[in-house]
Each structure stands twice: as C-alpha cells, then as structure tokens.
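Please look through the following notes with the model open beside you.

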Amino acid sequence: MPNKNAARRFINNATRFLMNFLFPASCPLCGTRVSVHGELCAECWTEFNWICNPKCAKCGYPFPANLDLGPRPLCPRCAAGECGLDLIRSACVYDDVSRAAMLPFKHAGRIKYSLFMSRAMIWAMRDVTISPDVVLPVPLAYRRLFHRGYNQAVLLARPIARAFGVPLDLSSVHRAYRPDMGHKNAAQRAENIHGVFTVKNPDKIRGRRILLVDDVMTTGATFSELRRVLMAAGAVAVYGVVFCRTVRAI
Ligand SMILES: [Zn+2]
Ligand SMILES: [Zn+2]
C-alpha cells in the first residue's frame with residue numbers, strides 16, 4: 001500500500017523534525033549538536049580506539065594493522081582452543097577514553113550513554129554470521145542492583161536484542177553477591193567468580209544459542225564462568241559482546 005507507507009513516512013519525518021526542533025540532539029559526552037539523538041559528535045567518536053580489522057575471527061582481539069594471517073585469522077589463545085566463548089566481539093579497547101565514559105555510565109546514572117554504546121556494539125558484530133536465539137545481559141547481584149538502581153548490561157542488551165529480533169532473557173540466570181574483585185589477577189578473578197551463577201530456568205536455556213552482553217571484558221573470567229553453567233544447562237552455543245575490552249599482549 002504505497003499511500004499508506006508514504007503517509008507513515010511523512011508522519012515519522014515530521015515527528016523527528018518536531019522532536020529535533022523541541023529537543024535538539026546533542027553529543028552525550030560533550031554536548032555539541034549532532035544530527036541523531038544519542039550519537040557521538042565526530043570529535044568524541046575519533047577519541048575512542050574502535051576495534052577494526054585485522055582482528056581475531058573468534059575473540060575479536062585486535063591485531064597490528066600490517067599483520068596478515070589469511071582470511072580467518074586467530075590469535076594464539078584461540079588457535080590453542082583457549083577462547084572463553086564461541087565468539088566474542090568488542091566495540092573498542094578499554095583505555096582512558098572508554099573508561100572515562102564507562103564509569104559514569106555504570107556508577108553515576110549516565111544511562112543515556114547506552115544509546116551510542118549499544119549502537120557501537122551492533123556495529124562491532126556487523127561481520128559475524130551468528131544467529132542467537134536469545135540475548136542474555138550478564139546478571140547483576142541483587143545487592144548491587146539495589147544500590148545502583150539499574151543493570152548497565154540490560155540497557156546495552158535491549159537494542160541488541162531488537163537488532164537481532166530475538167527476546168531478552170532477564171530471569172534464567174541468578175548471580176550471587178561477591179565482594180568487589182578490584183585489581184585481582186586473572187587466576188584470582190576466575191576463582192572469585194566460580195560458582196556465582198545459577199541457572200534458575202534450564203528450560204529456557206536448553207538447546208539455545210545465547211548471546212551474552214556486558215559493558216566491559218577484562219580477563220574474560222565472567223564470560224567463561226557463565227558459559228560453563230549455560231553449557232551444563234544444555235545451551236548449544238554461547239557468544240558475547242561488550243562495549244570495551246582490555247587488550248594485553250598475548
Ligand atoms: Zn562530543
Ligand atoms: Zn582470539
């Protein structure tokens with residue numbers, strides 16, 4: 001029905017024009033005018049260390065620009081079968097710039113950052129062929145949710161689930177409270193996270209391909225532990241996407 005579509009398009013455009021007139025879109029980080037709500041301005045965008053090719057085909061670890069390892073390059077860890085998940089993607093590197101955006105997003109209520117962050121995460125998955133059945137934001141312990149008021153991973157996961165056209169799962173996995181992991185090393189983090197997740201609803205996990213969403217990946221211990229309990233509950237594949245990740249020499 002072309003007339004109906006044209007009318008809908010006109011209404012959408014007019015609404016967008018009016019909204020932009022009443023509430024002009026501004027960069028969430030610096031306040032500069034931008035054309036799309038939630039989008040970063042060009043200057044702030046270029047500050048981030050976005051992960052592009054070449055990178056590990058499995059875990060998304062960025063490689064030096066001149067490294068040519070063929071059409072499906074793997075980092076040494078993935079080549080040795082040590083990847084924590086079936087596939088991992090990250091929009092950018094965890095550095096001073098992403099940390100400066102992440103801290104207020106996570107701890108000071110800057111939930112509007114979720115728009116540009118989730119868009120960047122969807123962009124980071126543009127070259128993957130996975131088809132998850134469900135999107136599962138990494139759960140927060142109830143005590144943390146009580147103090148923070150929101151789970152930042154849920155805010156990031158909503159637009160991602162919409163982009164894949166699959167449901168969000170907010171209830172199948174429970175996370176027990178553990179004191180802060182602080183600056184512990186990889187082995188201590190893995191030990192600290194062991195056993196914190198419990199699958200409450202195995203019927204919703206069994207036979208599913210699950211896309212985990214989190215804000216940051218440091219050692220990957222959280223993803224590995226979640227994968228362990230999800231696979232034990234019958235999941236067939238577990239993928240992960242984060243806004244930023246630490247990149248250490250491997
Ligand atoms: Zn800006
Ligand atoms: Zn890798």
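1. Before turning to particular residues, note that a residue counts as buried if 20 or more other C-beta atoms lie within 10 Å of its own, as exposed if there are 12 or fewer, and as partly exposed in between, with the C-beta atoms placed from the backbone. Helices (H or I, at least four residues) and strands (E, at least two) are DSSP runs, and they are numbered from the N terminus. The model is a predicted one, in which local features need pLDDT of at least 70 and side-chain atom pairs count only at pLDDT 80 or more, while totals for chains, interfaces and linings use all residues. Residues are numbered from 1 along each chain as its sequence is written, and chains are lettered from A and ligands numbered from 1 in the order in which they are written.

2. Four strands form an open sheet with parallel pairing, in the order E1-E6-E5-E2. Strand E1 (87-93) and E2 are at the edges and have a single partner strand each, so one side of each is left without a neighbour in the sheet. From one strand to the next the twist averages 20°, where axes are lines fitted to C-alpha atoms, for helices over the stretch in contact, and angles run from 0 to 180 degrees between N-to-C directions.

3. The pairings can then be followed strand by strand. E1 and E6 are parallel partners over six bridges, with isoleucine 88 opposite glycine 240 in E6, and with cysteine 92 having cysteine 244 as its bridge partner in E6. Strand E5 (residues 209-217) pairs with strand E6 (residues 237-245) in the parallel sense over eight bridges, and here valine 216 stands opposite cysteine 244. Strand E2 (residues 134-137) runs parallel to E5 and is joined to E5 by four bridges, with valine 134 facing isoleucine 210.

4. How much of these strands is covered? In E5, seven of the nine residues are buried, so the strand is largely enclosed by the rest of the structure. E1 is mostly covered too, with six of its seven residues buried.

5. The buried residues in H9 are Ala221, Thr222, Phe223, Leu226, Arg227 and Leu230, and what covers them includes helix H8 (186-193), E4, E5 and E6, contact being counted when the C-beta atoms of two residues, placed from the backbone, lie within 7 Å. At 1.5 Å a residue, the 12 residues of H9 should span 16 Å, and the end C-alpha atoms are 17 Å apart, which agrees; the expected span is 1.5 Å times one less than the number of residues. After H9 comes glycine 234, with a positive phi near 105°.

6. Helix H7 (residues 152-164) deserves a careful look as well. A kink of about 25° lies at arginine 158, shortly before proline 159, the bend at a residue being the angle between axes fitted to the seven residues ending there and the seven starting there. Among the buried residues of H7 are Leu155, Leu156 and Ile160, and the elements that cover its buried residues include helix H4 (96-107), H5, E2, E5 and E6.

7. The peptide bond from asparagine 53 to proline 54 is cis, with omega near 0°, and proline 54 is found in the loop between helix H2 (42-47) and helix H3 (76-79). Most peptide bonds, by contrast, are trans. Leucine 140, in the loop between E2 and helix H6 (142-148), is partly exposed, with 18 other C-beta atoms within 10 Å. Lysine 200 lies in the loop between strand E4 (197-199) and E5 and counts as exposed, with 12 C-beta neighbours inside 10 Å. Lysine 200 and histidine 174 are 26 residues apart in sequence, yet their C-alpha atoms are 6.6 Å apart in space.

Note on methods: Pairing = 2+ DSSP bridges.
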